[in-house]
Amino acid sequence: MAITRISYVLVSRNDSYCGDSVGRLQTVINHTGEILEKHNALEESEIMVVDWASPPENGPLRHVLKPTPAAAKILRIAEVPPEMAARHQKDSPFSEVHAMNVGCRKSSGRYFARIDQDTLIGERFVNWFHDEFEKVDYGFEWPKVAFSGRRNLSVEQSLNYKDYVFNDARSRTVAVCHPDNFYSRLLPPGKNMMLFYGGAVGIMLVERTLYEDLKGFNEEFIYMNNMDTEFLNRLARKTSFYNLGLKVDGDFYHLNHTRAQGAETDDNQPHSDHLGERKTNPNLIRRGEIPNNNPFSWGLNNEEIGVYSFNE
């Protein structure tokens, strides 16, 4: 398998999660192809979608997605069927940790880049990664982990997202998600500083060998949320980080959608301001040292998983 520089890993399925899930995924895939082609970065890039347990009555994502020619050149889909997913996710409706680990195992990029299936990358980020990161000598060794929070597009902004993502000034007017984390502000006296990587993910970049050394996301945390912070805490004990959000001014944009099927509002979801229905991982995994007991076969590496390409 040829090694690319970056693999954008998205996990999804062919259903109607929180509205038009497939429509949001297709928008992100095609946007990613468009922006990378505009910046002559397709050859360094890959989009790896993990199709986690698409319902048989709907069929797999590869049968319904319609990538543009640019996106099709770099799009690959790893397909985990429902019966296989059920063996690993137990009572969770969607184990993101397993799915993202599959994405790493099946991708080819030197950097694993986690973005949500409804989050758009911007031009400031593309310029930084392809023209500056590890290419410009500033007299220090570039960190191998980078994180940025995201901005949340409104309903109207989502309908006209190109007017914002491709406009440097207007893009900065989109509301920052979890600003206390994003700007690393101090909490009131007696509290701890907010981790800049403790809020919602815009992008999470991890160099492949580091990801593999730590055996990826902890596969015990099969529910929603908090698993990114837990993994990043483990990485922080091993290596330095790059606060990418401040560098590119939060150049990642979340498409608006209903939250009806999202996370429960409880003590395990400190940022939540809406009532959802999905169980969340315990908030305590965001603190302290949690052992990662993933087996050698983490990422379903002992399973037969089909990987499909659109560039054929």
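What follows is a chat about the helices, strands, salt bridges and cores of this model.

User: Before anything else, is this experimental or predicted?

Analyst: Predicted; it's a predicted model, so treat every value here as computed from it.

User: Fine. How many helices and strands in the protein?

Analyst: The protein has 12 helices and 12 strands.

User: And how much of it is buried?

Analyst: Of the 312 residues, 57% are buried. The accessible surface comes to about 13600 Å², and carbon and sulfur atoms hold 50% of that.

User: Let's look at α1. What span should its 18 residues have?

Analyst: Helix α1 covers residues 21–38, and at 1.5 Å a residue it should span 26 Å. Its end C-alpha atoms are 26 Å apart, which agrees.

User: Which residues of α1 are buried?

Analyst: Ser21, Val22, Arg24, Leu25, Val28, Ile29, Asn30, His31, Thr32, Gly33, Ile35 and Leu36.

User: What happens just after α1?

Analyst: Asn40 sits there, with a positive phi of about 55°.

User: Switching to strands. Which faces of β6 are covered?

Analyst: Both of them. In β6 (residues 145–148), Val145 and Phe147 are buried on one side, and Ala146 and Ser148 are buried on the other.

User: Which way does β6 pair with β9, and which way with β10?

Analyst: With β9 (residues 203–207) the pairing is antiparallel, over four bridges, and Phe147 has Met204 as its bridge partner there. With β10 (residues 241–243) β6 pairs in the parallel sense over three bridges, and Ala146 stands opposite Tyr242.

User: What about the sheet with β5 in it, what's the strand order?

Analyst: It's an open sheet of four strands, ordered β5-β11-β7-β8, with mixed pairing. The edge strands are β5 (119–121) and β8 (175–176), each pairing on one side only. β5 and β11 (residues 252–254) run antiparallel and are joined by three bridges; Thr119 stands opposite His254.

User: OK, electrostatics. How many salt bridges does the structure hold?

Analyst: It holds 24 salt bridges. One of them pairs Arg76 with Glu46, at 2.7 Å from N to O. Arg76 lies in β3 (residues 75–80) and Glu46 in β2 (residues 45–52), so the pair ties together parts that are 30 residues apart in sequence.

User: Are those two buried or exposed?

Analyst: Arg76 is buried, and Glu46 is buried too.

User: And which residue does Arg87 form a salt bridge with?

Analyst: Glu303, with the closest N and O atoms 2.7 Å apart.

User: Why does Arg87 count as exposed?

Analyst: Because its relative accessibility is 51%, and the cut-off for exposed is over 50%. Glu303 counts as buried because its relative accessibility is 16%.

User: What about Arg234 and Glu230, how are they placed?

Analyst: They're four residues apart in helix α11 (residues 227–236), which means they're separated by about one helical turn.

User: Which residues are linked in a network of salt bridges?

Analyst: Arg124, Arg151, Asp168, Arg172, Asp249 and Asp251.

User: Last topic, the largest nonpolar core. How many residues does it have?

Analyst: That core has 45 residues, and those with the most contacts inside it are Tyr8, Phe125, Trp128, Leu205 and Leu244. Its largest share, six residues, comes from α1.

User: What is Leu205 in contact with, leaving aside its neighbours within four places in sequence?

Analyst: Its contacts include Ile6, Tyr111, Phe112, Phe125, Trp128, Phe129, Val145, Ala146 and Leu244. Another core lies apart from the largest one; it has 39 residues, among them Trp52, Ala78, Leu214 and Phe221.

Notes: Residues numbered from 1 in each chain as written. Predicted model: local features only at pLDDT ≥ 70, side-chain atom pairs only at ≥ 80, totals over all residues. Heavy atoms only, no water. Helix = DSSP H or I, 4+ residues; strand = E, 2+ residues; numbered from the N terminus. Expected span 1.5 Å × (residues − 1). Buried < 20%, exposed > 50% of the residue type's maximum accessible area, 1.4 Å probe, protein only. Areas by Shrake-Rupley, 256 points an atom, 1.4 Å probe, with all protein chains shown as cover. Pairing = 2+ DSSP bridges. Salt bridge = Lys/Arg side-chain N within 4 Å of Asp/Glu carboxyl O. Core = buried A, V, L, I, M, F, W, Y, C linked by side-chain atoms within 4.5 Å. Contact = heavy atoms within 4.5 Å.
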